[in-house]
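Student: Could you walk me through this structure one feature at a time? I would like the general idea each time, and then the case at hand.

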Amino acid sequence: MTEKVTVEKITPVFEDHRGEIMDLLDDEIVLHVGMLTSRADSIRGNHYHKKAKQFNYIIEGAIELTTWDPTDPNPVPDVAILRKGDFVSIPAGIVHTMKALEDSEFLDLNTESRSNNAYEEDTFRVTLDG
């Protein structure tokens, strides 16, 4: 069974006068955590990872996420608009493209390291038309 891309709105698991606690990830080993900023109309991605599972948490802004299965001979892209508080899980092998609809900030978490060129070795760049 192929894993699917999931998007969920994260809500606080605890809140009091000091602030909020939000649980983002509780079942994966993450070897890389990064924070990205993207200016409006910029595009990131257009690739998939052979081994890494990727997670993104939107801190600010709005991002159009387009995903599809590159093994499908006639892929139909899935499109989701991500906003502050959204958490997305992208399995290995799923193409993902992120277009910033406005200036945006998000966390990028991966199950594989980016050290020593590992990111480039696991990243396969594609376009929707091949």
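Student: Which strands form the open sheet, and in what order?

Tutor: Strands of a sheet pair through backbone hydrogen bonds, either parallel or antiparallel. In this predicted model, five strands make up an open sheet, ordered 8-7-10-5-12, with antiparallel pairing. Strand 8 (78-83) and strand 12 (123-125) are the edge strands, each pairing on one side only. On average, neighbouring strands of this sheet are turned by 30° against each other, direction ignored. The axes behind such angles are lines fitted to C-alpha atoms, and the angles run from 0 to 180 degrees between N-to-C directions.

Student: What counts as a strand, and what counts as a pair?

Tutor: Strands (E, at least two residues) and helices (H or I, at least four) are DSSP runs numbered from the N terminus. Two strands pair if DSSP finds at least two bridges between them. Residues are numbered from 1 along each chain as its sequence is written. Local features need pLDDT of at least 70 and side-chain atom pairs count only at pLDDT 80 or more, while totals for chains, interfaces and linings use all residues; side-chain values use heavy atoms, leaving out hydrogens and water.

Student: How many bridges join strand 5 to strand 10?

Tutor: Four bridges join strand 5 (residues 43-49) to strand 10 (residues 95-100), and the two run antiparallel. His-47 stands opposite His-96 in strand 10.

Student: Which residues form the largest nonpolar core?

Tutor: In soluble globular proteins, nonpolar side chains tend to be buried together. A nonpolar core here is a set of buried Ala, Val, Leu, Ile, Met, Phe, Trp, Tyr and Cys residues joined through side-chain atoms within 4.5 Å. Buried means under 20% relative accessible area, exposed over 50%, and partly exposed in between (1.4 Å probe, protein chains only). The largest core has nine residues: Ile-58, Ile-63, Leu-65, Leu-82, Val-88, Ile-90, Ile-94, Met-98 and Phe-106. Strand 7 (62-68) and strand 9 (86-90) are the elements that give two or more residues to this core. Apart from it lies another core of five residues, including Ile-10, Phe-55, Tyr-57 and Phe-87.

Student: What is Ile-58 in contact with?

Tutor: Contact means heavy atoms within 4.5 Å. Leaving aside neighbours within four places in sequence, Ile-58 touches Ile-63, Leu-82, Arg-83, Lys-84, Gly-85, Asp-86, Glu-105 and Phe-106.

Student: Asp-86 is charged. With which residue does Asp-86 form a salt bridge?

Tutor: Side chains of opposite charge can pair when their charged atoms come close. The cut-off for a salt bridge is a side-chain nitrogen of Lys or Arg within 4 Å of a carboxyl oxygen of Asp or Glu. A search of the whole structure finds five salt bridges. In one of them, Asp-86 pairs with Lys-9, with the closest N and O atoms 3.3 Å apart. Asp-86 lies in strand 9 and Lys-9 in strand 1 (residues 6-9), so the pair ties together parts that are 77 residues apart in sequence. Asp-86 is buried at 8% relative accessible area, whereas Lys-9 is partly exposed at 46%.

Student: How should I read a positive phi, and where does Asp-41 lie?

Tutor: Check whether the residue is glycine. Asp-41 is not glycine, yet its phi is near 75°, a positive value. Asp-41 lies in the loop between strand 4 (32-38) and strand 5, and is exposed, with a relative accessible area of 59%.
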